[in-house]
Protein chains: 2
Amino acid sequence: MSALPLSGVRVIDLTRILSGPFCSMILGDLGAEVVKIEAPGGDHVRGQGHKIDGLSWYFAGFNRNKQSLELDLRKPEGVAVLERLLARADILTENFRPGVLAKMGLTEARLNEINPDLIVVSVNGYGSTGPYADRPAFDFIAQAMSGYMATNGTPDTGPLRTAPPITDLVAGLYAALGAVAALRGRENGGPAQRVEASMMMSMMSMMAYLSSNALATGRDPVPTGNDHPIASPYGLFRASDGDIAVAPSTEVIVQRFMKEIGLSHLLDEPRFVNNAMRVQNRAELNALINAAVAGGTQAEWIARLNKAGVPSGRVQSLTEALADPQVAAQEMVLDVPHPGHGTVKMTGFPIKFSQTPLRVRHTVPDLGEHGREVLRAAGYDEAEIDALIANGIMGAGDPAG
Amino acid sequence: MSALPLSGVRVIDLTRILSGPFCSMILGDLGAEVVKIEAPGGDHVRGQGHKIDGLSWYFAGFNRNKQSLELDLRKPEGVAVLERLLARADILTENFRPGVLAKMGLTEARLNEINPDLIVVSVNGYGSTGPYADRPAFDFIAQAMSGYMATNGTPDTGPLRTAPPITDLVAGLYAALGAVAALRGRENGGPAQRVEASMMMSMMSMMAYLSSNALATGRDPVPTGNDHPIASPYGLFRASDGDIAVAPSTEVIVQRFMKEIGLSHLLDEPRFVNNAMRVQNRAELNALINAAVAGGTQAEWIARLNKAGVPSGRVQSLTEALADPQVAAQEMVLDVPHPGHGTVKMTGFPIKFSQTPLRVRHTVPDLGEHGREVLRAAGYDEAEIDALIANGIMGAGDPAG
């Protein structure tokens with residue numbers, strides 16, 4: 001097996017909760033050695049979500065491929081340990097509010113003194129400059145502020161939050177990309193620099209053509225629920241045993257769709273002759289399509305339409321999606337044996353590499369589990385480590401402790 | 001100005017529409033030289049969305065920092081040009097359906113022959129293996145199949161599509177990250193390899209703790225709209241002139257929130273004494289909070305709550321978000337002067353680099369605008385280029401043509 005893309009890269013990870021840990025997990029998944037530094041007591045997420053055999057599967061899903069060091073950064077001796085680790089690291093990841101790192105003594109100047117090659121990666125709510133820089137962040141608020149919520153939903157629901165913490169995740173993903181790009185730049189003669197991604201700005205970059213059109217026209221998009229604002233036919237239709245989702249993307253695909261369901265002739269009628277007319281007469285057209293597809297099952301239509309090149313599928317519940325045969329073929333649900341906690345299921349790796357497939361190299365760490373190992377590798381001797389533990393600077397990493 | 005993170009990297013880009021062009025634009029934003037190869041007539045998106053002075057702002061928003069070459073790949077002479085460009089490229093990006101590249105003659109073996117160092121990056125619907133590999137992809141279907149739609153919405157709406165083409169974008173973003181990681185690996189002695197991200201699997205990786213809990217319990221999450229399923233108080237509350245969004249993430253923050261709005265005493269009552277009781281008695285609590293915040297304006301409460309460490313904001317429409325002072329401070333709306341098309345507005349760069357800030361180095365290309373330039377750089381002489389144009393293999397890049 002060849003080395004993973006980020007083999008040999010050392011990440012010191014101060015992130016906690018969600019956006020930052022997602023970023024550092026991605027770096028770990030890609031092959032970096034990630035040391036997660038946890039405050040005494042550990043990342044709050046260890047106590048959140050459903051637990052099995054004492055382990056939060058939510059925590060597990062965001063903290064594989066990391067090692068854990070429990071360290072008290074409120075004490076100067078703790079910061080001294082951190083500085084010694086940073087001296088030999090490539091990347092520092094953090095998701096404190098802007099300014100917190102500096103208050104800890106780790107100003108830009110100090111970090112540069114400790115390690116001029118260090119890339120500092122920050123995930124935050126709004127960016128570290130501007131009028132909202134100091135605001136505390138939370139996914140729901142970033143969804144609201146970014147304009148995203150106003151486009152999600154229907155005219156009846158009004159602005160609607162979406163369930164996944166999408167702004168945390170998109171910001172974490174952008175930060176990981178920024179980290180790898182900055183690393184590549186540094187390794188090719190560029191500077192070691194600070195990289196930042198914020199939840200609000202990351203989400204704004206996902207508004208795509210909704211923003212393009214809003215900027216071009218000055219008008220807001222209207223929430224349209226499951227109807228595509230400017231395409232027809234499009235949406236959910238009723239097969240004999242459930243809905244099918246159909247999304248013909250071009251006129252040619254619309255023709256194929258109508259042919260497959262035996263309604264080609266409708267496209268000659270003035271009311272359905274082009275997309276504009278079909279959008280105008282959407283209700284009539286949908287009724288005719290529903291009558292036609294009622295004659296077959298979901299599975300039959302989905303197979304037949306896809307074969308004809310018409311994008312089609314069904315609305316799966318999350319448990320159905322997780323059990324989907326394609327998801328199995330793509331190894332997107334992993335069974336990770338975890339000593340003492342049974343077999344943990346978690347989402348797999350969405351990036352597929354042909355030569356160096358990603359894998360779980362480190363199961364989810366117990367709190368402080370790798371403290372001794374990490375400090376030894378940084379040159380600490382056993383007596384120094386014992387003293388740090390005895391003085392309450394770092395955790396002993398005892399699973400029972 | 002230092003070199004950008006991907007300076008010197010050459011990308012040949014066969015992508016069209018949305019997911020792939022987002023990936024290649026990110027690579028271009030990061031500093032790569034991206035040559036977008038367009039089929040005769042150009043990317044369909046050139047004709048979509050709102051146009052100003054003949055330019056689609058949707059196309060502009062996904063195709064800055066690229067050069068354009070119009071090339072007919074249905075003709076062997078066109079494929080020969082492509083092969084010559086690939087011979088000196090680092091990365092090939094494509095978002096055809098799996099197998100299309102091979103049908104064009106560009107099998108894995110052939111690509112390896114042309115350029116053993118080439119990294120091939122694919123964005124597709126479901127992944128290139130598994131039972132759905134051959135299905136045509138579309139965002140709406142990937143939203144439906146991934147389990148995402150089933151979690152979006154309220155019990156009244158049922159499964160709900162979200163307006164932004166989120167699965168295209170997340171897959172494009174993962175593919176860009178995979179491309180940069182593979183490049184970094186290759187530059188450090190690893191293999192040049194194929195990288196892939198699919199819309200369905202990328203979206204599944206964004207289901208976060210919803211998936212963790214579903215895997216742990218076997219139960220599906222219930223769509224809860226704007227209520228957080230397991231936190232109270234949380235959501236939208238009515239100030240005197242509009243709603244405020246409030247998301248206290250911990251018990252300490254709940255206490256601060258209740259103190260700021262003068263309701264600390266409620267937390268001593270059995271019905272609101274802890275989060276579990278507050279979730280159970282959410283309606284009562286929300287009514288009391290609404291009564292309390294009715295005494296102040298949106299802006300007053302948002303400033304005051306954030307200052308006290310309580311994440312707070314408001315639901316902005318997309319045009320409000322685009323005009324937000326923080327968005328301006330973060331330069332997330334760019335004014336790009338575009339010769340012949342006025343000043344084009346587009347979304348800025350969500351990744352901030354301290355030393356090498358990203359910028360628009362190439363405005364959106366006219367169709368085939370850089371054909372001659374790209375072929376010259378690849379060693380073609382003028383007579384060869386003229387012949388390719390005369391024979392209809394490549395476009396002349398004449399804006400009037």
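Two residues are in contact, or touch, when they have heavy atoms within 4.5 Å of each other. Keep in mind as you look around that this model is predicted.

**Stop 1: where the chains meet**

Between them, 139 residues of chain A are in contact with 140 residues of chain B. The area buried between the two chains is about 11,600 Å², and carbon and sulfur atoms give 68% of that area. Now select Arg184(A), Leu215(A) and Leu318(A): these supply 7% of the area that chain A buries against chain B, more than any other three residues.

How many salt bridges are there between chain A and chain B? The count is 2. To see a salt bridge between the chains, select Arg184(B) and Glu187(A), whose closest N and O atoms are 2.7 Å apart.

**Stop 2: a methionine in a loop**

Select Met207(B), in the loop between α9 (199-204) and α10 (208-217) of chain B. Is Met207(B) buried or exposed? With 0% relative accessibility, Met207(B) counts as buried. Leaving aside residues up to four places away in sequence, Met207(B) touches Pro164(A) and Leu318(A) in chain A, and Ser146(B), Gly147(B), Tyr148(B) and Thr151(B) in chain B. Try the distance tool on Met207(B) and Ser146(B): the two are 61 residues apart in sequence, and their C-alpha atoms are 8.9 Å apart in space.

**Stop 3: an enclosed helix**

Go to chain A and select helix α1, residues 19-29, where you will find Ser24(A). Of the 11 residues of α1(A), 11 are buried, so this helix is largely enclosed by the rest of the structure. Ser24(A) itself has 0% relative accessibility and counts as buried. Show what surrounds Ser24(A): not counting residues up to four places away in sequence, Ser24(A) touches Asp13(A), Thr15(A), Val34(A), Lys66(A) and Thr93(A). Just after α1(A), look for Gly31(A), which takes a positive phi of about 120 degrees.

**Stop 4: a helix with a buried face**

Next, select helix α13 of chain B, residues 282-293. At 1.5 Å a residue, its 12 residues should span 16 Å, and its end C-alpha atoms are 16 Å apart, which agrees. Which residues of α13(B) are buried? They are Arg282(B), Leu285(B), Asn286(B), Ile289(B), Asn290(B) and Val293(B). Turn the view to look down the axis of α13(B): the buried residues fall within an arc of 135 degrees, so they line one face of the helix.

On the face of α13(B) turned away from the buried side, find the exposed residues Ala283(B) and Ala291(B). To see what the buried residues of α13(B) pack against, show β9 (235-239), β10 (242-246), α11 (251-260), α12 (275-280) and α14 (298-307) of chain B.

**Stop 5**

Most residues other than glycine have a negative phi, and most peptide bonds are trans. Here are some exceptions to select. The peptide bond from Ser232(A) to Pro233(A) is cis, with omega near 0 degrees; Pro233(A) sits in the loop between α10 (208-217) and β9 (235-239) of chain A. In chain B, the peptide bond from Ser232(B) to Pro233(B) is cis too.

For a positive phi, select Glu331(A), where phi is near 50 degrees. Glu331(A) lies in the loop between α16 (325-329) and β12 (333-337) of chain A, and at 55% relative accessibility Glu331(A) counts as exposed.

**Stop 6: salt bridges across the sequence**

The structure holds 44 salt bridges over all chains. Select Glu384(B) and Arg84(B), which form a salt bridge with the closest N and O atoms 3.8 Å apart. Glu384(B) lies in helix α18 (residues 382-390) and Arg84(B) in helix α3 (residues 76-87) of chain B, so the pair ties together parts that are 300 residues apart in sequence.

Finish with Asp43(B) and Lys36(B), whose side chains meet in a salt bridge at 2.9 Å, N to O. Both Asp43(B) and Lys36(B) are buried.

Terms used:
Residues are numbered from 1 along each chain as its sequence is written. Chains are lettered from A and ligands numbered from 1 in the order in which they are written. This is a predicted model: local features need pLDDT of at least 70, side-chain atom pairs count only at pLDDT 80 or more; totals for chains, interfaces and linings use all residues. Side-chain values use heavy atoms; hydrogens and water are left out. Helices (H or I, at least four residues) and strands (E, at least two) are DSSP runs, numbered from the N terminus. The expected span of a helix is 1.5 Å times one less than its number of residues. Buried means under 20% relative accessible area, exposed over 50%, partly exposed in between (1.4 Å probe, protein chains only). The arc is that of the directions from the helix axis to the C-beta atoms. Buried area is the accessible area (1.4 Å probe) that two parts lose on being put together, summed over both. A salt bridge is a side-chain nitrogen of Lys or Arg within 4 Å of a carboxyl oxygen of Asp or Glu.
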